Amino acid sequence: MNEDRIRKKGNNRRKKSNFKLGILYLLLTILVVVTFVRRKDIADILEKSRVHSIAQGEDKTHEDKESENINLETETENENILKEKENPNTKIEDKPKQDEEAKDLGDPYADINIKPANEEQKSEEKPLTDEQTKKESEKESEKTKEDLKAENKSDEKAEKEESEIKIEPAKPAINEPAVRAESNLSYENLSNKELSWWYRVPKPLNESVPAKIDEDISNLIAKYNGIWQDGSGKKRVFITMDEGYEFEDNTTRILDIAKEKDFKISFFITGGFIKQKPDLVKRMLAEGHLIANHTDKHKNGAKALEKGTEVLIEDITKLETMYEELTGQKLAHFMRPPEGVYSERSLAIIKDLGYRPTFWSFAYHDWDTKAQPSLEEAKKKILGQLHPGSVLLLHAVSKTNVEILPDLIDEIRAQGYSIETLDNF
C-alpha cells in the first residue's frame, strides 16, 4: 500500500516536471522564432532605409550643388553690378565660349571659372537632410547679403573720404544765384596776407589796348574763378557800379538814364543801401539790372578774417538774407570785395559761398563826394583806357559820373562796343 502511494507520487512529480519542461521548451521555441522573424524584418527595413537614404542623399547632393551654383552666380552678378556702378563706362566682358560649352556639358562651376580643390573629399561627405540643406542655403544667402552690405558701406566710406579730400566748390551757371559748396576745407592753411587790387594802365591810350596785371596775381584770381577783364576779345563793355549808400538821389537819376538809353548796369549793393533805399533796389530788379553782393557792412575781407572766418562769411551771407527778404529773389553770383582788398583765404571763402570774386580793369578817383573830378577829365580817362572786355568800376555817389553818363554811353557805342551785364561774362 505504501509502495503504491510512493509510486503514484513519483509519477505525479514526473508528469509535473515534464509539463514544466514542455512549457519551457515551447516558450523557448516561440522566442527563437520571434527573434528570427524580427531580425529579418529589421534587416529588410534597414536595407530599404539604406537604399532610400542613398537615393535621397544623391538628390540632396545635386540640389546642394545647384543651390551653391545659384549663390555663386548671384555673388558674381552682384560684383558685376558694383563694378558697373563704380565705373559706368566699363563693360563687363562676356564669358568665354569654352565656358558656355562647359556649362552645356553639365559642369556646375562653369559660370565662375573655378574647380573646387577638395572635390573628391566633397563626394565622401555625409548627405544633408532637407532641413539642413535649407538652412545652409539660407546661410549662404544671408552671407551674400552681408557681403553686399559690407561692400556698399566700403564704397560709401571711400566716397565720403574722397569728398573730404577733393573739394570742388560750385561753379554757378550764368544767370543763376550763388550755390554753396559743400566743403570741410580748413582755410587756416591759406594765406591771409592783405592784398589790394591794382592793374597797369594800358599804353598807349585811346588804342583799345587791354589792361594788364602781374602773372602771379592773374593765376591767383583764375584759381578762384575771379573776374577782372573779359579776355574773349569781343568788343563789349561791362558797366559796374558800387552802391554803398545813396547820395543826392544819384541812383534815381542813373536809373532814369539807363532806361532812356536802354542799357543795363551791374550793381553791387551793401546792407546799408538796402536799408536806406529799398524801393530803388526793387526798381533795379524790375528794370532788368543785375544786382550782386558788396557785403552787408562793407568790411575789409582780410581784416575780418583776422577776427575769424565766420566774420567774413556773415558779412556776405547777411546781405543775401536781406535782399531775399526784400525782393523774394536771390542775388546774382558775383561778389566784389570792399575797398578792392582781398587775400587768398578770402577768395577761397567767396568762391566756396558760390560767388565769383569780381574786380575791374578800369577805376578812377570818383568816390570822394567832396573832391570830384571835372567832366572833361573823367571822360578822357574812361574813354582813353577803353578796351574790348573792359570792366568799368564807377561809384554811384559821384556827381561827375551822373553828369557824363549819357555822353559816355553814346561814345562807347560810337566806338562799336556793346554794353552788357556780368551774367553774360
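Analyst: Start with isoleucine 274: apart from residues up to four places away in sequence, isoleucine 274 touches Ile269, Val281, Leu319, Met322, Tyr323 and Leu326. Contact here means heavy atoms within 4.5 Å. This is a predicted model, where local features need pLDDT of at least 70 and side-chain atom pairs count only at pLDDT 80 or more, while totals for chains, interfaces and linings use all residues. Residues are numbered from 1 along each chain as its sequence is written, and side-chain values use heavy atoms, with hydrogens and water left out.

User: OK. Where does isoleucine 274 sit, and is isoleucine 274 buried or exposed?

Analyst: Isoleucine 274 is in helix α7. (Helices, H or I of at least four residues, and strands, E of at least two, are DSSP runs numbered from the N terminus.) The relative accessibility of isoleucine 274 is 6%, so isoleucine 274 counts as buried; buried means under 20% relative accessible area, exposed over 50%, and partly exposed in between, with a 1.4 Å probe and protein chains only.

User: Ile269 came up as a partner. What else does isoleucine 269 touch?

Analyst: Setting aside residues up to four places away in sequence, the partners of isoleucine 269 are Glu243, Ile274, Val281, Met284, Ile291, Ala292, Asn293, His294, Thr295, Leu319 and Tyr323. Ile269 is also one of the residues that touch the most other members of the largest nonpolar core, along with Trp197, Ile239, Phe263 and Ile412. That core has 74 residues. A nonpolar core is a set of buried Ala, Val, Leu, Ile, Met, Phe, Trp, Tyr and Cys residues joined through side-chain atoms within 4.5 Å.

User: And the next residue along, threonine 270: where is threonine 270?

Analyst: Threonine 270 is in the loop between β3 (266-269) and α7 (271-276). Threonine 270 has a relative accessible area of 3% and is therefore buried. Beyond four places in sequence, threonine 270 touches Glu243, Gly244, His294, Thr295, Asp296, His298 and Leu319.

User: Thr295 is on both lists. What is the phi of threonine 295?

Analyst: Phi of threonine 295 is near 75°, a positive value in a residue other than glycine. Most residues other than glycine have a negative phi, and most peptide bonds are trans. Threonine 295 lies in the loop between β4 (290-293) and α9 (301-307), and threonine 295 is buried because its relative accessibility is 0%.

User: Which other residue has a positive phi although it is not a glycine?

Analyst: Aspartate 262 is one, with phi of about 60°. Aspartate 262 is in the loop between α6 and β3. At 58% relative accessibility, aspartate 262 counts as exposed.

User: Which residues does a cis peptide bond join?

Analyst: Lysine 203 and proline 204, with omega of about -5°. Proline 204 is in the loop between β1 and α5. Leucine 205 is in the loop between β1 (195-196) and α5 as well. The relative accessible area of leucine 205 is 44%, so leucine 205 is partly exposed.

User: What does leucine 205 contact outside its sequence neighbours?

Analyst: Gly384 and Gln385, leaving aside neighbours within four places. Leucine 205 and lysine 380 are 175 residues apart in sequence and 9.7 Å apart in space, C-alpha to C-alpha.

User: Switching to helix packing. How do the axes of α6 and α13 cross?

Analyst: The axes of α6 (residues 250-261) and α13 (residues 399-414) come within 9 Å and cross at roughly 15°. Axes are lines fitted to C-alpha atoms, for helices over the stretch in contact, and angles run from 0 to 180 degrees between N-to-C directions. α6 and α13 are therefore roughly parallel to each other; angles under 35 degrees count as roughly parallel, over 145 as roughly antiparallel, 65 to 115 as roughly perpendicular and the rest as oblique.

User: Which residues meet there?

Analyst: Asn250, Arg253, Ile254, Ile257 and Lys261 in α6 meet Lys399, Val402, Glu403, Leu405, Pro406, Ile409, Asp410 and Arg413 in α13.

User: What about α5 and α11?

Analyst: Helix α5 (residues 215-223) and helix α11 (residues 344-352) have axes that come within 9 Å and cross at roughly 25°. Leu220, Ile221 and Lys223 in α5 meet Glu344, Leu347 and Lys351 in α11.

User: Last one. How many helices and strands does the protein have?

Analyst: The protein has 13 helices and 9 strands. Of its 425 residues, 37% count as buried.
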